[in-house]
Amino acid sequence: GIIYSIYKSNQIFKAMHVFDEPKSASPEKNKNQDDWNKILAGGKSENENDRKQAVIGADSLIDKILGMAGYSGENLGEKLKNIEPADLDSLNALWEAHKTRNRIAHEVGYNLSKEDSERALTNFEKALKELEYI
């Protein structure tokens, strides 16, 4: 189990370029932060549809990153099931945020409050920071 966890962690780190030489404010990191700031701005909007799009966008971003890290699955839920809790400290936060996205996508008439939107985006942000995307 320990060897598997180390192996999967190394896959994530390699995919996220954690082992690269440290760069101060690399252009890629700045672009990632700019993209994330746009999602955050949508999440703070007075318009509920903008908040919903922000949560869905953050969910898609995490799905893409985990796919690049080598986690298999057709969607984010399946990828999250393939992650060991020891591999990602923010796993529970990701599940909570993903559940909010699922409510948006699958519950007709679901009303997304600003508080729920901000909570989901904060949880996504924890994972993005842990994965060193931002």
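**Close-up views of a predicted model**

**View 1. The largest nonpolar core of the predicted model.** This core holds 30 residues, and those with the most contacts inside it are Trp36, Ile62, Leu66, Leu121, Phe124 and Leu128. A nonpolar core is a set of buried Ala, Val, Leu, Ile, Met, Phe, Trp, Tyr and Cys residues joined through side-chain atoms within 4.5 Å. Buried means under 20% relative accessible area, exposed over 50%, and partly exposed in between (1.4 Å probe, protein chains only). Two or more residues come from each of helix H2 (27-43), helix H3 (48-68), helix H4 (76-81), H5 and H6. H3 gives the most, with seven residues. Helices (H or I, at least four residues) are DSSP runs, numbered from the N terminus. In soluble globular proteins, nonpolar side chains tend to be buried together.

**View 2. The packing of helices H5 and H6.** Helix H5 (residues 91-106) packs against helix H6 (residues 114-130) at an angle of about 140 degrees, and their axes are 8 Å apart. Axes are lines fitted to C-alpha atoms, for helices over the stretch in contact, and angles run from 0 to 180 degrees between N-to-C directions. H5 and H6 are therefore oblique to each other (under 35 degrees is roughly parallel, over 145 roughly antiparallel, 65 to 115 roughly perpendicular, and the rest oblique). On the H5 side, the contact (heavy atoms within 4.5 Å) is made by Ala93, Leu94, Glu96, Ala97, His98 and Thr100. On the H6 side are Arg119, Ala120, Asn123, Phe124, Lys126 and Ala127.

View 3. Leu66 lies in helix H3 and, at 0% relative accessibility, counts as buried. Leu66 and Leu131 are 65 residues apart along the chain, and their C-alpha atoms are separated by 9.1 Å.

**View 4. Asn32 in helix H2.** Asn32 is buried, with a relative accessible area of 10%. Apart from neighbours within four places in sequence, Asn32 is in contact with Tyr133 and Ile134.

**Notes.** Residues are numbered from 1 along each chain as its sequence is written, and side-chain values use heavy atoms, with hydrogens and water left out. In this predicted model, local features need pLDDT of at least 70 and side-chain atom pairs count only at pLDDT 80 or more, while totals for chains, interfaces and linings use all residues.
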